[in-house]
Amino acid sequence: MNLPIYQLMYVSTASWPLNTDELSAILDVSRAKNQRANVTGLLLHIDQGFLQILEGPEAAVMEIFRPIERDRRHFGIRVLVQQHVAERLFGGWSMGFDRWTRGEPRTADMFKITADAIENAISPEKAAALAVLLRSFYRINTGGGAATGR
Ligand SMILES: Cc1cc2nc3c(=O)[nH]c(=O)nc-3n(C[C@H](O)[C@H](O)[C@H](O)COP(=O)(O)O)c2cc1C
């Protein structure tokens, strides 16, 4: 079967503690560009780490990812998942965003596995499962505190 959606997950580290304005600037540009490119996904900022999932047609995802790889605001990019899948996980979101803080009750269940993914570059199989888990997390945690998808 020809699976139409390319899914890319990477982890990285912020080059400095990015403030709210700096994060908003990243998100504004991301959402505009991703929407034009038909790319959707999720960006998590957890401690100083990032975990991002990009999904869409392969050429579009690679076009969006190329400048991200060169972006000086983060470093140490490690791609954990690159695969074709049947459908998008974050279809409604040009780039959902959430920031997690250690010890926050809302994210307690997900924090450890996600932090582990960022710190230790977990296997592609585990990382793909984590993507699905994150989708479920945000489906369940609708309303206050869920990722801001747009
Ligand atoms: C952690 C992180 C995530 C980013 N995510 C995206 C994204 O999803 N889409 C996007 O277009 N740019 C994203 N960017 C910004 C790009 O690196 C780049 O600055 C932006 O696309 C503008 O690139 P251009 O000037 O070459 O068009 C991200 C940057 C960082 C640091």
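## A question to begin

Which residue in β3 is the bridge partner of H45? Look at the strands in this predicted model, and you will find that H45 is partnered by F50.

How many of the eight residues of β3 are buried? Eight of the eight are, so to speak, under cover. In a regular strand, side chains alternate between the two faces of the sheet. You can follow this in β3: G49, L51, I53 and E55 point one way, while F50, Q52, L54 and G56 point the other way, and all are buried.

Now turn to helix α3, residues 108-120. At 1.5 Å a residue, its 13 residues should span 18 Å, and the end C-alpha atoms are 19 Å apart, which agrees. The buried residues of α3 are M110, F111, T114, A115, A117 and I118. Because they cover an arc of only 155° around the axis, they sit on the same side of α3.

Those buried residues pack against several elements, including β1 (5-14), β3 (49-56) and α4 (124-140). The face turned away from the buried side carries D109 and K112, which are exposed. Just after α3 comes A121, with a positive phi of about 45°.

## Aromatic pairs

The structure holds five aromatic pairs. One of them joins Y10 and F65 in a tilted arrangement, 5.5 Å centre to centre with 40° between the planes. Since Y10 lies in strand β1 and F65 in helix α2 (residues 58-70), the pair ties together parts that are 55 residues apart in sequence. Both Y10 and F65 are buried.

Another pair is W93 with Y138: the ring centres are 6.0 Å apart and the planes stand at 70°, so the pair is edge-to-face. W93 is in the loop between β4 and β5 and Y138 in helix α4, 45 residues apart. Y138 counts as buried because its relative accessibility is 4%, where buried means under 20%. W93 and Y138 also belong to one aromatic cluster with F90, W100 and F137.

An unreviewed UniProt entry annotates residues 5-96 as "domain: BLUF". In the model, this span is 34% helix and 41% strand, and its end C-alpha atoms lie 18 Å apart.

Methods:
Residues are numbered from 1 along each chain as its sequence is written. This is a predicted model: local features need pLDDT of at least 70, side-chain atom pairs count only at pLDDT 80 or more; totals for chains, interfaces and linings use all residues. Side-chain values use heavy atoms; hydrogens and water are left out. UniProt positions are given in the numbering used here, feature names are shortened, and annotations may be inferred rather than shown by experiment. Helices (H or I, at least four residues) and strands (E, at least two) are DSSP runs, numbered from the N terminus. The expected span of a helix is 1.5 Å times one less than its number of residues. Buried means under 20% relative accessible area, exposed over 50%, partly exposed in between (1.4 Å probe, protein chains only). The arc is that of the directions from the helix axis to the C-beta atoms. Contact means heavy atoms within 4.5 Å. Two strands pair if DSSP finds at least two bridges between them. Rings of Phe, Tyr and Trp (its six-membered ring) pair if their centres lie within 6.5 Å; planes under 30 degrees apart count as stacked, over 60 as edge-to-face and the rest as tilted.
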